[in-house]
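This report describes selected features of a predicted model.

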Amino acid sequence: MKQSTAELPSRSHILGVGFEVPRTVVTNDDLSQILDTTDEWIRQRSGIRERHYVDDDQGSAPLAAKAALTAIERAGIQPGDIDLILCGTLSPDIDFPGNAALVQERLGLAGCPVFDVRNQCSGFLYMLAIADQYIRTGGARHVLVIGSEVHSSGLEFTDRSRHVTVLFGDGAGAAVVGPSPSPDRGLLTINLHCEGAFAEKLCLLGPGSIHKPRLAKDWTPADIYGWPQMDGKFVFRHAVTRMTESIEEALAAIGRTREDISMVIPHQANLRINQLVAMGLGLGDDRMANNIDRYGNTTAATIPILLTETWEAGRIREGDLVCLAAFGAGFTWGAALYNW
Amino acid sequence: MRSVAITVIEEELPAQIVDDAALAAELGIAADEVSRWSRGRERRESPDGEGPTALAARAGARALASRGLSATDVDFIVFATNTPDLFFPGSACLLQGALGCRTVGGLDVRSQCTGFLTALDTSWRFIATGMADRVLVAAADTPSHFNARDARTPQLSCSTADAAAVAILEAGEGPGEILAITVRNDGSRHRDYWCEYPASRFREGTTLTERNRLPASKAAEGRHFPAADFDRLREFALARVPEVFTETLARAGVERVDVTLVAHLDPRVEGELPSRLGPAAGRIEVSDLLYAGGSSLAVLVARAKKAGRLASGQLAALVTAGSGASWGCGVVRVP
């Protein structure tokens with residue numbers, strides 16, 4: 001590709017953010033009516049008090065489109081200014097094509113490129129990196145990046161799966177990524193990682209095309225093959241280690257230190273994970289945001305939802321060093337630093 | 001901004017060849033009906049337990065070896081598939097483990113029939129900006145694991161097969177250089193070629209315990225199998241591919257290419273497109289294999305090069321269209 005670097009933005013930045021969650025709130029007490037669990041058990045182990053569930057045939061794409069419109073408005077652009085749509089989800093509306101196509105239809109943006117990113121809990125970070133590459137290479141000017149999930153239609157509400165089911169909620173968060181308004185602001189560094197050796201520590205095996213046919217003829221909805229599975233303790237331990245490592249890696253990449261971080265926006269898988277990461281980095285509550293108590297784990301949507309809430313609360317200001325960090329199924333993980 | 005080139009590309013096909021008669025017997029239809037869709041092309045199918053990652057891992061190992069590299073030399077992985085091994089996590093993570101790469105980034109893209117073009121378009125940018133020096137791009141699909149294998153909707157089983165290819169991208173000009181890629185989508189046509197279930201947007205019953213993305217009733221109806229409207233896909237491809245071809249050649253700064261490689265679910269399109277593309281398309285190259293989704297173009301490049309039908313440094317256009325709806329074109333110098 002022949003293009004003068006002088007014509008291209010040197011950095012991308014997040015120009016607008018938004019989120020959308022369904023109206024229906026499901027508390028721990030609500031779940032304890034159908035699962036052998038208690039509010040105390042869930043809160044002690046995860047920090048979650050409640051989560052939102054869709055209550056009709058609404059999938060993750062309609063939530064995504066609503067979040068996107070808020071982000072677009074806050075970015076000060078029109079939907080027609082979007083020239084690339086990226087959607088991250090592990091709970092797509094339909095099997096294929098992905099949610100990006102469905103969001104494109106809802107926003108009336110036929111013609112622009114769209115694709116789904118299936119990187120689970122780290123999906124939003126992977127999409128920010130992709131958006132950054134497209135903007136810095138002239139492939140797009142405004143990239144719509146959306147994480148959206150409807151988990152509630154894909155959770156097993158039985159005691160066998162209660163340790164997984166209580167953790168997840170529905171929601172969507174979006175960001176418009178575009179050229180940074182000034183050369184020193186925007187994305188400073190981002191690192192991305194994966195380790196497939198632990199893929200089955202947090203997974204949904206099926207339907208999966210490793211099998212022929214991908215869904216056995218004698219399959220029934222009770223088959224664990226069709227429900228998410230997690231080795232919670234194993235995932236917890238790796239999450240604390242890897243998130244801390246990737247934040248340190250990002251700081252080292254730009255010659256900054258832990259003390260320079262203004263705010264960490266971590267993936268919301270478990271409050272205890274984030275508390276241990278904060279402790280390891282010497283960060284107080286004032287420098288690490290969390291909202292898992294109200295939304296649970298919304299996977300690809302956790303970071304943009306939390307980023308939106310933190311920004312709306314005035315806890316992120318121009319010039320702040322803002323860190324986004326994630327870890328999840330794959331395993332995948334990473335961290336990004338923005339000069340906001 | 002650095003120029004980026006495909007320095008090696010290798011394909012991997014399953015060992016098993018399923019001929020039209022064998023498939024006809026399995027589907028319970030006449031052999032000539034299968035032949036009407038397969039049009040003499042070879043059908044390779046991978047067995048139970050061998051998904052896209054296993055195919056991509058073999059192609060990837062060969063690509064690395066032919067370039068004199070080890071898996072630890074890779075610093076980013078991009079995997080395009082429409083038929084992932086697991087529902088989650090994605091196949092890039094599995095490939096990282098299978099090849100023994102370092103814990104580098106592993107990106108899974110879902111772009112259906114334009115999967116390879118989207119993966120290429122994303123990957124070269126990571127190198128151009130300096131975020132990565134060497135990206136392993138995998139495109140693999142196993143539609144034989146996914147399609148309905150019965151007489152209800154036999155066209156997809158008759159028209160598709162399994163395959164994978166891996167390309168390695170590095171900074172550089174000359175042979176393999178990526179000159180321009182354009183991918184476009186129209187989500188309003190997502191039902192032209194789609195698979196409805198599992199579907200997070202649907203649930204059955206009114207209580208939480210009844211929720212299920214893949215209710216047994218929908219599975220019984222076969223709505224977890226892909227469905228395609230071949231006529232709509234054909235009409236769309238014939239209208240849109242010439243547009244994106246012209247646009248991409250202009251962006252690449254070339255008036256014509258030496259060869260155009262065409263991949264489409266419907267073999268009729270491969271026969272009809274050349275006249276729509278005109279002389280700028282040069283020689284037309286189509287596959288002797290059945291369609292393998294987003295990996296088809298990558299496999300076609302690898303096989304044509306191996307057979308000596310593509311010469312290093314030739315200008316090549318890669319065109320495709322399909323599910324999404326998605327369509328696109330890439331202009332590259334042959335590696």
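## An open sheet in chain A

Four strands of chain A form an open sheet in the order β8-β13-β12-β11, with mixed pairing. Its edge strands, each pairing on one side only, are β8 (186–194) and β11 (263–266) of chain A. From one strand to the next, the twist averages 15°. Strands and helices here are DSSP runs numbered from the N terminus, with at least two residues (E) for a strand and at least four (H or I) for a helix; two strands pair if DSSP finds at least two bridges between them.

Strand β12 (residues 321–328) of chain A runs parallel to β11(A), and four bridges join the two. Within this pairing, A:V264 has A:C323 in β12(A) as its bridge partner. Helix α5 (residues 123–136) of chain A lies across β8, β12 and β13 (332–339) of chain A, at about 125° to β8(A). Such angles run from 0 to 180 degrees between N-to-C directions, the axes being lines fitted to C-alpha atoms, for helices over the stretch in contact.

## Basis of the model

Residues are numbered from 1 along each chain as its sequence is written, while chains are lettered from A and ligands numbered from 1 in the order in which they are written. In this predicted model, local features need pLDDT of at least 70 and side-chain atom pairs count only at pLDDT 80 or more, whereas totals for chains, interfaces and linings use all residues; side-chain values use heavy atoms, with hydrogens and water left out.

## Aromatic pairs and charges over rings

Over all chains there are 13 aromatic pairs. Rings of Phe, Tyr and Trp (its six-membered ring) pair if their centres lie within 6.5 Å; planes under 30 degrees apart count as stacked, over 60 as edge-to-face and the rest as tilted. The rings of A:F19 and A:Y295 are edge-to-face, because their planes stand at 70°, with centres 6.0 Å apart. Since A:F19 lies in strand β1 (residues 12–20) of chain A and A:Y295 in helix α9 (residues 292–295) of chain A, this pair ties together parts that are 276 residues apart in sequence. Both A:F19 and A:Y295 are buried, a term that denotes under 20% relative accessible area, with exposed being over 50% and partly exposed in between (1.4 Å probe, protein chains only).

A:F198 and A:F331 form a tilted pair, because their planes are at 40°, with ring centres 5.4 Å apart. A:F331 has a relative accessible area of 0% and is therefore buried. Ring pairs also link A:F198, A:F234, A:F327, A:F331 and A:W333 into a cluster. The charged end of A:K201 sits over the ring of A:F234, 4.5 Å from its centre. Here, a charge sits over a ring if NZ of Lys or CZ of Arg is within 6 Å of the ring centre and within 35 degrees of the ring normal.

## Chain B and its interface with chain A

Contact, meaning heavy atoms within 4.5 Å, involves 86 residues of chain B and 86 residues of chain A. About 7,000 Å² is buried between the two chains, and carbon and sulfur atoms give 58% of that area. Buried area is the accessible area (1.4 Å probe) that two parts lose on being put together, summed over both.

Within chain B, all five residues of strand β4 (residues 76–80) are buried, so the strand is largely enclosed by the rest of the structure. β4(B) pairs in the parallel sense with strand β5 (residues 105–110) of chain B over five bridges.
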